[in-house]
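This report looks at how the copies in an assembly are related and where they meet. The structure is shown first.

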Protein chains: 4
Amino acid sequence: MDFAFSDRVKEYQERLLRFMEEVVYPAERIYVEQLRDSPTRWVVPPVMEEMKAKAKEAGLWNLFLPDSDKGAGLKNLEYAPLCEIMGRSPIAPEVFNCSAPDTGNMEVLERYGTEEQKEKWLIPLLNGEIRSCFSMTEPDVASSDATNIQTTIRRDGDEYVINGRKWWSSGAGDPRCKVAIVMGKSNPDAPKHQQHSMIIVPLDTPGVRIERMLPVFGYDDAPHGHAEITYDNVRVPASNIIWGEGKGFAIAQGRLGPGRIHHCMRLIGAAERALELMVRRVKERVAFGKPLSEQGVIREWIADSRIEIEQARLLTLKAAYMMDTVGNKVAKKEIAMIKVVAPNMALKVIDRAIQAFGAAGVSEDFPLAFMWTNARTLRLADGPDEVHRRAIARLELSGE
Amino acid sequence: MDFAFSDRVKEYQERLLRFMEEVVYPAERIYVEQLRDSPTRWVVPPVMEEMKAKAKEAGLWNLFLPDSDKGAGLKNLEYAPLCEIMGRSPIAPEVFNCSAPDTGNMEVLERYGTEEQKEKWLIPLLNGEIRSCFSMTEPDVASSDATNIQTTIRRDGDEYVINGRKWWSSGAGDPRCKVAIVMGKSNPDAPKHQQHSMIIVPLDTPGVRIERMLPVFGYDDAPHGHAEITYDNVRVPASNIIWGEGKGFAIAQGRLGPGRIHHCMRLIGAAERALELMVRRVKERVAFGKPLSEQGVIREWIADSRIEIEQARLLTLKAAYMMDTVGNKVAKKEIAMIKVVAPNMALKVIDRAIQAFGAAGVSEDFPLAFMWTNARTLRLADGPDEVHRRAIARLELSGE
Amino acid sequence: MDFAFSDRVKEYQERLLRFMEEVVYPAERIYVEQLRDSPTRWVVPPVMEEMKAKAKEAGLWNLFLPDSDKGAGLKNLEYAPLCEIMGRSPIAPEVFNCSAPDTGNMEVLERYGTEEQKEKWLIPLLNGEIRSCFSMTEPDVASSDATNIQTTIRRDGDEYVINGRKWWSSGAGDPRCKVAIVMGKSNPDAPKHQQHSMIIVPLDTPGVRIERMLPVFGYDDAPHGHAEITYDNVRVPASNIIWGEGKGFAIAQGRLGPGRIHHCMRLIGAAERALELMVRRVKERVAFGKPLSEQGVIREWIADSRIEIEQARLLTLKAAYMMDTVGNKVAKKEIAMIKVVAPNMALKVIDRAIQAFGAAGVSEDFPLAFMWTNARTLRLADGPDEVHRRAIARLELSGE
Amino acid sequence: MDFAFSDRVKEYQERLLRFMEEVVYPAERIYVEQLRDSPTRWVVPPVMEEMKAKAKEAGLWNLFLPDSDKGAGLKNLEYAPLCEIMGRSPIAPEVFNCSAPDTGNMEVLERYGTEEQKEKWLIPLLNGEIRSCFSMTEPDVASSDATNIQTTIRRDGDEYVINGRKWWSSGAGDPRCKVAIVMGKSNPDAPKHQQHSMIIVPLDTPGVRIERMLPVFGYDDAPHGHAEITYDNVRVPASNIIWGEGKGFAIAQGRLGPGRIHHCMRLIGAAERALELMVRRVKERVAFGKPLSEQGVIREWIADSRIEIEQARLLTLKAAYMMDTVGNKVAKKEIAMIKVVAPNMALKVIDRAIQAFGAAGVSEDFPLAFMWTNARTLRLADGPDEVHRRAIARLELSGE
């Protein structure tokens with residue numbers, strides 16, 4: 001047992017932190033302004049592509065993909081502290097080509113895709129040339145129980161025909177988003193967890209219609225966005241199926257592990273930044289005759305925040321370690337645990353920072369307001385807390 | 001001791017609930033659409049004025065003003081359960097001319113204003129012809145300690161000259177908003193709580209400049225809005241001072257009592273609606289083989305929500321009762337208590353409803369997402385939790 | 001709606017508080033010492049009977065029994081604030097003949113007993129000559145679901161024969177305890193909630209054996225005590241059945257209402273005393289250069305305690321009001337709510353007081369340690385929290 | 001970074017767990033019975049010395065002492081998972097000579113003692129021949145701020161004269177307890193943190209008087225016990241001073257690190273056992289038609305317990321790692337964090353287990369009731385939560 005990061009990780013941390021200071025933080029405001037000043041919000045602010053080029057040049061690119069010669073060769077445990085740093089800014093993950101839902105989708109293609117699928121979709125994604133979305137959640141059913149998913153994927157000759165309505169296909173608002181991975185029911189008569197498949201659907205396929213973009217707590221998250229999409233007799237080549245018919249749940253389990261833990265890593269970074277901002281702020285402001293930083297209640301907020309961040313970080317690192325050593329499947333309890341822990345921890349820490357900032361905390365002058373609603377959303381995305389708790393309890397009760 | 005509402009209150013409740021069903025709820029969507037379809041968001045959707053006319057006609061108008069022949073003659077205790085009903089919809093309070101910050105401002109003018117001030121500003125406000133804002137919070141200091149307020153109000157002959165920067169002047173985005181009540185320092189050499197005054201500033205006075213509208217968790221709250229305003233050598237007649245120089249804190253104490261309790265009443269209504277929506281939703285959705293409504297965890301959410309709402313409601317009613325019987329000043333502990341309780345309670349109840357709704361809960365398809373961020377904001381507006389707790393503790397320790 | 005206590009209640013409050021100051025508090029230490037110095041702990045300290053005589057003389061006796069000419073003629077709503085005062089000292093309720101489980105048992109006998117049963121058991125109980133216990137919980141099943149109860153009550157000629165094992169028959173350690181009300185299954189073939197009966201069992205009946213006294217968190221609660229009792233072919237006259245065969249659940253519902261609310265009232269008094277002790281203590285102790293009372297964190301404890309007590313009190317009063325106006329059965333949601341609220345509130349308030357007292361708080365030098373464990377126990381006694389929450393949710397979902 | 005225990009640790013874990021199963025758990029009841037059947041509770045149940053002999057023989061002895069040839073040669077990080085196992089039973093730590101306050105005292109003697117002091121006191125302690133207590137807390141001041149300590153240690157020729165009143169000198173009830181380490185003020189004119197010293201006081205020195213044994217939540221914790229002791233002109237040789245005059249705080253900092261972390265390790269073990277007992281119990285009991293283990297609320301308790309234990313364990317392990325790598329002083333933030341985390345975590349986990357057990361949970365039939373009150377006490381012992389939070393915040397604010 002050893003709690004020290006390797007020299008390699010430490011060196012990456014240093015480079016990333018420097019890149020954040022020099023490139024990303026200064027661009028946060030520019031990003032917002034470029035978006036505000038463009039005729040529509042559904043365009044990519046030029047500063048993003050500039051930052052991507054710099055990150056690629058700096059060798060800070062595709063750090064997420066373990067066990068593959070296509071990534072940087074980092075294990076999950078090595079990537080975790082780096083992903084955390086990216087989570088400090090809402091615009092950072094994309095800069096390093098490490099943003100959701102792309103990393104999860106790329107993992108799916110790398111693990112389960114055919115060579116042809118990789119060539120066509122994985123390579124451009126890894127190059128940051130295109131982006132992708134993931135169409136799983138449906139508006140008409142409780143998607144927390146994924147067996148409820150009703151979208152159909154029906155074989156018809158050399159093609160599959162897809163029909164259904166999805167929402168929260170995040171990233172579909174981006175003009176660079178070219179492809180969706182869609183989950184649907186292909187084998188209704190198979191055992192419950194073998195009825196569903198995942199399939200690749202280019203977004204320009206006839207029958208794919210973005211109905212609307214969904215705001216999240218008032219944010220449109222443009223140009224990324226969260227789309228409600230109808231799939232109306234959408235036909236794709238049979239070769240677009242991933243791994244095989246009925247493999248939907250098997251892939252989901254594989255996909256959601258990395259996707260979930262990446263979210264958790266970023267949340268830790270967000271919480272860490274919130275604490276940092278709070279510490280700075282409370283030293284500057286005076287109320288009732290002394291700096292906020294000398295008031296007992298504020299000090300308790302700082303202490304509790306440090307305690308909660310540190311615990312969540314350690315559990316996340318352990319989950320990453322388990323994924324590396326025993327595999328995503330055996331690590332499922334640890335992944336479920338951090339998926340409950342990290343968003344709730346971030347909500348608490350960021351909430352305290354907002355409170356310490358006063359009204360400024362709910363405005364857009366600081367990233368706190370956005371981070372807070374984002375943490376709240378992540379108590380639902382990739383499975384609501386209560387479904388993960390349910391899974392943890394089942395494993396405990398069965399002695400696993 | 002008696003927990004039954006009077007017949008008069010029950011009758012009002014019935015009429016208000018019917019009005020909500022028949023007029024307000026159906027207009028919620030229209031309001032959003034009219035705003036969306038207008039060239040700018042800073043206009044009043046026509047449906048609002050239509051509803052106001054109906055409410056006035058129905059005698060559901062200005063129910064908030066106790067101890068005055070200008071209101072409906074209801075005590076705070078009678079108004080509380082009615083205000084709660086208005087809190088069920090974000091657009092409702094204005095329909096009945098009972099929205100913030102206007103009710104607080106109207107109370108100030110009624111209690112402390114001159115006849116001239118009442119004639120000029122109170123009457124149009126009571127008629128719903130104009131709206132008002134309240135300029136207290138400042139960006140540069142911790143305004144939770146109001147003695148920090150730095151805006152200056154300097155006497156110069158027959159005028160006062162106002163200089164300073166305010167933000168969170170809510171409502172200033174509304175084209176009908178004609179006047180601000182501004183808090184500033186007029187007597188820097190007086191004892192600490194007698195240095196500040198409140199003064200009436202017409203928004204079209206030269207030197208008043210709206211710098212920007214502040215979003216709250218991604219919401220612009222248009223057309224109401226939250227303005228950052230600079231007052232640059234703004235000159236108003238000396239007769240615009242309210243009550244007298246140095247009376248700022250005395251008025252604030254009087255003003256904030258009603259303003260705070262109105263927010264609390266509305267939050268209870270919001271929480272009640274969230275619970276109602278949750279109860280309906282969980283009966284409709286099925287996960288893991290049974291309706292959500294039959295799952296133990298969901299049932300616990302419902303029970304805890306009912307418990308928390310009921311307790312917050314009773315405490316709010318008691319605070320209203322105290323205001324009626326012993327006055328706003330003696331009731332300050334009760335007012336401080338509900339100001340802590342109501343937003344935190346609403347946050348918890350609405351949070352559970354969001355969780356029960358899944359991703360739909362964070363979207364704009366239901367009022368939950370907005371209500372939740374609004375409740376969060378109210379942990380800061382009119383004084384942050386920790387300042388109210390501080391006041392409660394001081395009263396407990398001094399045996400008051 | 002009116003939050004003022006009646007003059008009658010205020011006068012009783014004043015008399016009770018004076019009695020507590022003059023008689024009960026000074027006797028707390030004497031009670032402990034008399035118990036410590038006696039050869040066995042299962043005797044009644046003489047000071048108790050002395051206090052009872054004084055309370056009877058002062059007309060502070062049997063205040064609990066509403067709707068009966070045998071009590072003081074107080075409604076539940078009037079009794080609530082008085083019972084609260086009694087809850088301020090662990091030894092007080094018995095002084096006024098208002099202690100558990102006797103008040104609940106007396107209510108059962110008064111509401112459902114025959115004249116003969118009243119004559120024989122209710123009158124001596126009302127006179128404070130004997131005490132009683134209630135044998136419901138069983139060690140071998142989850143008694144939170146009372147339909148699990150397995151003790152049998154079998155008719156045999158003019159007698160009933162009782163067989164079973166009960167525990168947590170509180171009060172059975174007291175030498176004055178002469179009678180148990182026992183719940184058992186008499187009609188196994190009836191519908192689920194009509195299978196059980198309650199029956200009166202004199203403790204000196206052959207076959208009744210106290211197996212052991214159960215400690216609670218280290219306390220033996222002598223001489224009251226919590227007994228594990230076996231009923232081994234215990235024969236009582238058929239006339240000892242209460243109300244009739246199969247009425248067990250109907251009585252339980254009637255009995256548990258008052259019993260539960262009395263516990264809640266007392267818990268509010270305990271919490272109030274804990275807050276009072278805490279406020280006094282923090283003014284006296286200095287740490288890190290200033291009195292604890294001036295430290296922000298301590299102030300927050302005080303404020304939160306006041307807030308929580310006040311809310312729990314109002315909800316308890318409302319439940320009492322409902323019992324008086326619509327009956328125990330219709331008031332079941334309110335009773336369930338306070339049964340969840342009051343012990344949890346008391347746990348939090350007393351916990352903070354303990355923390356403020358430091359190590360003294362966990363000792364026997366102050367009543368805090370005992371009160372805290374007692375509040376914890378009351379999250380289980382008369383139904384665990386989760387069963388009450390379940391009931392509340394069911395009522396909410398069914399629209400009741 | 002590596003989350004796997006070393007082979008050496010794993011082997012020790014296995015041996016310890018087997019020893020617990022074979023020797024300790026079966027003796028729990030015997031220990032209680034031997035104590036109950038002896039004429040006084042202040043004797044050592046014979047089974048304890050029998051177990052100690054077995055543990056010594058098994059090489060499971062003095063595992064706690066790092067960086068010394070007198071212990072087993074284990075680092076804190078290696079000892080942590082073993083100490084956790086000992087924490088699973090209240091009687092276990094002493095069996096392995098790893099109980100409080102002896103381990104802390106032995107560390108003090110090993111780190112700061114003279115050869116003579118080690119010979120006389122450390123060796124018999126390491127042999128398990130005698131036991132010790134630690135006299136720091138005082139009844140008359142807020143000892144959470146140790147600078148408040150008033151006991152005097154005055155040099156008089158070749159002796160020191162000690163005067164003062166201490167309480168919570170835990171372990172002083174044990175007939176084998178021969179020595180106290182006493183903290184007192186020796187240099188009142190020195191800088192604040194150099195005024196105090198620690199000194200060795202044999203308990204049979206004239207003037208040492210045990211005034212009474214303090215119960216903790218109803219438990220006397222015999223024969224260990226918690227003593228209130230007066231030191232009345234107690235004279236000890238000057239050579240009994242530890243390290244030197246004015247070194248009290250320096251030693252305290254060194255002593256309390258290990259002492260605190262040992263408590264935390266044991267609390268994790270206690271929580272783990274509570275969860276284990278809960279999981280077993282809920283499978284066996286049925287309520288409302290299905291096993292408790294299939295009820296959603298219970299499942300949530302299990303999941304949350306697992307999550308909280310796991311996080312606390314990782315943070316404790318990290319703190320141990322820091323002590324090993326950067327020293328107790330630099331690790332002070334981590335030590336403060338776990339000192340807040342572990343007792344609060346244990347309280348929550350054990351509380352849920354109690355609730356799942358129903359009334360059995362508060363009895364002595366299971367170790368839960370004792371464990372819960374013990375965890376509560378540890379929110380005060382070795383510094384209350386709020387003082388540790390204060391320390392953490394100070395370090396955060398200063399950027400350490």
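## Contact and the shared surface

Two residues are in contact if their C-beta atoms, placed from the backbone, lie within 7 Å. The model is predicted. Of the interface residues of chain A, 97% are also interface residues in chain B, so the copies meet through the same surface.

## Chains A and B

## Chains B and C

Chain B is superposed on chain C by a rotation of 180 degrees and 0.0 Å of shift along its axis, with an RMSD of 0.0 Å. The same surface serves both copies, as 100% of the contact residues of chain B recur in chain C.

Chain B and chain C each bring 32 residues to the contact. On the side of chain B that touches chain C, the elements giving two or more residues are α8 (296-326), α9 (332-357) and α11 (385-397) of chain B. The most come from α8(B), with 14 residues. By kind, the residues on this side of chain B are 19 nonpolar, three polar and 10 charged.

## The nonpolar core

The largest nonpolar core holds 543 residues. Ile350(A), Ile350(B), Ile350(C) and Ile350(D) have the most contacts inside this core.

Leaving aside residues up to four places away in sequence, Ile350(A) touches Ala270(A), Ala271(A), Ala274(A), Leu368(A), Met371(A), Trp372(A) and Ala375(A).

Notes: Residues are numbered from 1 along each chain as its sequence is written. Chains are lettered from A and ligands numbered from 1 in the order in which they are written. This is a predicted model: local features need pLDDT of at least 70, side-chain atom pairs count only at pLDDT 80 or more; totals for chains, interfaces and linings use all residues. A nonpolar core is a set of buried Ala, Val, Leu, Ile, Met, Phe, Trp, Tyr and Cys residues joined through C-beta atoms within 7 Å. A residue is buried if 20 or more other C-beta atoms lie within 10 Å of its own, exposed if 12 or fewer, and partly exposed in between; C-beta atoms are placed from the backbone. Copies are superposed by least squares on the C-alpha atoms of residues with pLDDT of at least 70 in both. Helices (H or I, at least four residues) and strands (E, at least two) are DSSP runs, numbered from the N terminus. Ala, Val, Leu, Ile, Met, Phe, Trp, Tyr, Cys and Pro count as nonpolar, Asp, Glu, Lys and Arg as charged, and the others, Gly among them, as polar.
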